[in-house]
Amino acid sequence: MAKSLKWKLIENAGWLFIAEVLSKVLAYGIIVVMGRTLGPEGLGLYSFIFYYVGILGVFSDFGVNFYVTKEVSKDKNRLRDLVPVALGLKISLAFMNFVILAVITLFLPKPLWVKLLILGVGVEAILYWVATFFTGLMYAHEVTKYEAIARITERCWAFITGVPILYYLRSLRTFVEALVAGYVVRDTMRIYFTTKIAGFVRPKFKLKEWLGILRRSYPFWLINLFTMIYYQTDVVMLNLLRGNYETGLYRGAYMFIQVALLVPTVVIPTILPPMARLWEKDKRIVRTLFNKAYMTLLGLGIVGAGGLMAFPNLLIGIFLGSKFLPSIPILKILGVAVPFMFLNSLIGSLMNATGKELEFTKIVGFTALLNVVLNYILISKYGASGAALATLVSQVSVTIMGSYKAYYHLKI
């Protein structure tokens, strides 16, 4: 591996690591305050709102982000022909997705004020869905520091405004409104910084060319759809089947998993563009990157799982308080899944970056269906612990099938 590539990866990973650590610490503090002020009920409803909008955001992309990032990573000239048309498509999909979200929300079995909060989050999500397109362009240029700045700014705003709101007002509604304001600033910064790096992009609205993009991007959308199902459907199904309290217990435990997941979140975006760019030029480097990343993530995942399983009482007692002690068995189950979550992020990135996205789509599609079925059965019987068990089984399944396909693809 060339020295320049090594240092580029280290620099990009460093920026994302700083952003992820600070973001997670501040988010961690917010969840702790929310758990102690609003209890499992408040945390459960908060989680439902954002996971619900996230799941219904599946129609905002259709794989366009990943496809464009991959193509621009390989050839910067695509900024002139592909990117303007893809941006027009992305904007159109974002508005279409909001209409779908608004219609479904009308029939949601929730109070009116909750529905209005969801719609408010959904309006900002239009900007978010478009901004992620620009973030992909930033990553395609192998620049991550501006994304880090945008994330840190938003998290600082959320912490500075959110903690006093939760502590003094104890108002979930006001807290969500403050979060949305921060999201607007973050996503505006993403667009601004990317235009400074890649230049101004004027969207083009050409239906015929959109169809051509969608024919190439839909496998990435399917992967994202299936991944979202088995990462987020548990919270939504748990809320609808068991209510806010058990959703809050599950979300409290899952917070510790999300802190651990900052590791692959930092590693993956830094190695994805080089893997896509070097696959046709030098497969040996890609194999080296993948091998080193695989063993590193596996080792770190095992260490993280050990800590979560050994000290769940201490972690939950200190940070969330006695109201969340029923989350301990949930955290133990989810802790076992950490190494598999780490590896699955890497495997998916390799397959997507090297032209095997359909293979990974089949794997994730099968496990997404498995996850939904397991969630329904296990949540009905065991509640939040059942949701955790469904997550574990799904993650292990992806790792087994994905590792086999990845190593066969690399012929190692």
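Burial first: I call a residue buried under 20% relative accessible area, exposed over 50% and partly exposed in between, with a 1.4 Å probe and protein chains only. This is a predicted model, so I take local features at pLDDT of at least 70 and side-chain atom pairs at pLDDT 80 or more, while totals for chains, interfaces and linings use all residues. Numbering runs from 1 along each chain as its sequence is written, and side-chain values use heavy atoms, without hydrogens and water.

Entry: helix α4. Helices here are DSSP runs of H or I, at least four residues, numbered from the N terminus. I found 21 of the 29 residues of α4 buried, so the rest of the structure largely encloses α4. I also spotted a kink of about 30° in α4, centred on E124; the bend is the angle between axes fitted to the seven residues ending there and the seven starting there. After α4 comes E142, with a positive phi near 55°.

Entry: surface patch. L241, L369, V373, Y376 and I377 make a nonpolar patch of about 500 Å². Helix α14 (residues 357-382) gives the most to the patch, 4 residues. L241 sits in helix α7 (residues 207-242), and I log L241 as partly exposed because its relative accessibility is 38%.

Entry: V336. I placed V336 in helix α12 (residues 328-336). V336 counts as partly exposed because its relative accessibility is 30%. Leaving out residues up to four places away in sequence, V336 touches M309 and L392; contact means heavy atoms within 4.5 Å.

Note on methods:
Patch = residues over 30% accessible without salt bridge, like charges linked within 9 Å, V, L, I, M, F, W, Y side chains within 5 Å. Areas by Shrake-Rupley, 256 points an atom, 1.4 Å probe, with all protein chains shown as cover. Salt bridge = Lys/Arg side-chain N within 4 Å of Asp/Glu carboxyl O. Helix = DSSP H or I, 4+ residues; strand = E, 2+ residues; numbered from the N terminus.
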